[in-house]
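Hi everyone, thanks for coming along. Let me put the structure up, and then I'll walk you through it.

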Amino acid sequence: MKGQKEKLIESINLYLRKNKLDNDTKIYSIEQWRERNEEHLNDSDFVIVSEGGLNFILNYGDSDEFDELIESFGYYMEMGHSWSYGFYFDGVTKENKNLGNINYFEKLKDERWILKRNKVRVKANFECQDCGNTSNLEVHHCYYKYGLEPWQYPIDALRCLCSKCHEERGIVEMELRARMADLKTQDLKIISELLYGGINYYPQNKVLDLIQYLKLSIDALKTEQQ
Ligand SMILES: [Zn+2]
């Protein structure tokens with residue numbers, strides 16, 4: 001079973017990949033870091049080195065989501081050089097070492113989930129992010145990862161939805177995942193790049209318009225094949 005540190009590193013890696021910050025950011029185990037004979041952070045659990053995008057976010061940008069992610073694993077961060085960050089476990093989550101025995105429904109009553117859920121609602125201005133409804137708001141996990149507690153997901157992996165949209169979302173996401181069974185991982189990478197890369201660099205509505213256009217031309221493709 002993976003420890004908090006391994007789970008946190010996985011989540012940070014996902015955050016970096018999703019935000020295209022993984023090219024110029026490197027995570028060092030404490031053993032690798034000590035081999036560098038650097039002056040700082042030799043007592044930390046692991047170290048992140050970034051002179052690029054992540055460094056900019058942590059120094060000048062909005063680092064709330066990153067800070068919040070680390071905290072949800074019971075960790076805090078200290079700066080070593082201006083480009084190195086050490087991560088330390090503060091032990092808060094030790095109190096809950098028997099959490100594995102508690103069922104998911106009980107976990108949703110945990111104050112750490114309630115706190116995180118509220119942050120997602122505030123970010124969404126207390127509106128359903130699909131239809132704008134302001135009542136019956138729930139918070140949806142866009143993915144699940146084995147071993148993570150409900151509150152250990154980055155805020156950008158969560159979505160504020162009304163109960164009706166939440167139910168529909170679950171069905172559509174499951175269909176999407178089922179369809180992925182027909183595709184190679186390489187195909188999924190291309191689709192992910194189109195969706196996420198496209199939305200990052202171009203207006204989201206234009207990218208979705210393009211995809212909508214491709215959908216409309218499926219009929220044309222069919223007739224060409226016949
Ligand atoms: Zn809705």
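So, let's start with a question: how many bridges join strand β3 to β4, and do the two run parallel or antiparallel? There are 5 bridges, and the strands run antiparallel. β3 covers residues 75-79, and β4 covers residues 84-89. As one example of the pairing, Tyr76 has Tyr88 in β4 as its bridge partner. The two strands form a hairpin, with 4 residues between them.

A quick word on what you are looking at. This is a predicted model, where local features need pLDDT of at least 70 and side-chain atom pairs count only at pLDDT 80 or more, while totals for chains, interfaces and linings use all residues. Residues are numbered from 1 along each chain as its sequence is written, and side-chain values use heavy atoms, with hydrogens and water left out.

And the terms I'm using: helices (H or I, at least four residues) and strands (E, at least two) are DSSP runs, numbered from the N terminus. Two strands pair if DSSP finds at least two bridges between them.

Now the wider sheet. It is an open sheet of 4 strands in the order β1-β2-β4-β3, with antiparallel pairing. At the edges sit β1 (25-29) and β3, each of which pairs on one side only. From one strand to the next, the twist averages 25°; axes here are lines fitted to C-alpha atoms, for helices over the stretch in contact, with angles from 0 to 180 degrees between N-to-C directions.

Going across from the β1 side, β1 and β2 are antiparallel and share 5 bridges, with Ser29 standing opposite Phe46 in β2. Then β2 (residues 46-50) connects to β4 through 4 bridges, again antiparallel. Val49 has Ser84 in β4 as its bridge partner.

Why is β4 described as largely enclosed by the rest of the structure? Because 5 of its 6 residues are buried, meaning under 20% relative accessible area, with exposed over 50% and partly exposed in between (1.4 Å probe, protein chains only).

Next, please look at helix α4, residues 64-72. This helix lies across β2, β3 and β4, running at about 130° to β3. The buried residues of α4 are Phe66, Glu68, Leu69, Ile70 and Ser72. They pack against β2, β3 and β4, and also against helices α1 (4-18), α3 (53-59) and α6 (111-123); contact means heavy atoms within 4.5 Å. After α4 comes Gly74, with a positive phi near 80°.

Let's move to another part of the chain: Arg169, in helix α7 (residues 163-179). Is Arg169 buried or partly exposed? At 24% relative accessibility, Arg169 counts as partly exposed. Leaving aside residues up to four places away in sequence, Arg169 touches Asp130, His140, Cys142, Arg159 and Leu161.

Finally, the overall picture. The protein has 10 helices and 6 strands, and its C-alpha trace spans about 70 × 40 × 35 Å along the principal axes. Of the 226 residues, 32% are buried. Among contacts with a separation of 6 or more, 58% come from residues 24 or more positions apart.

That's my tour, and I'm happy to go back to any part of it.
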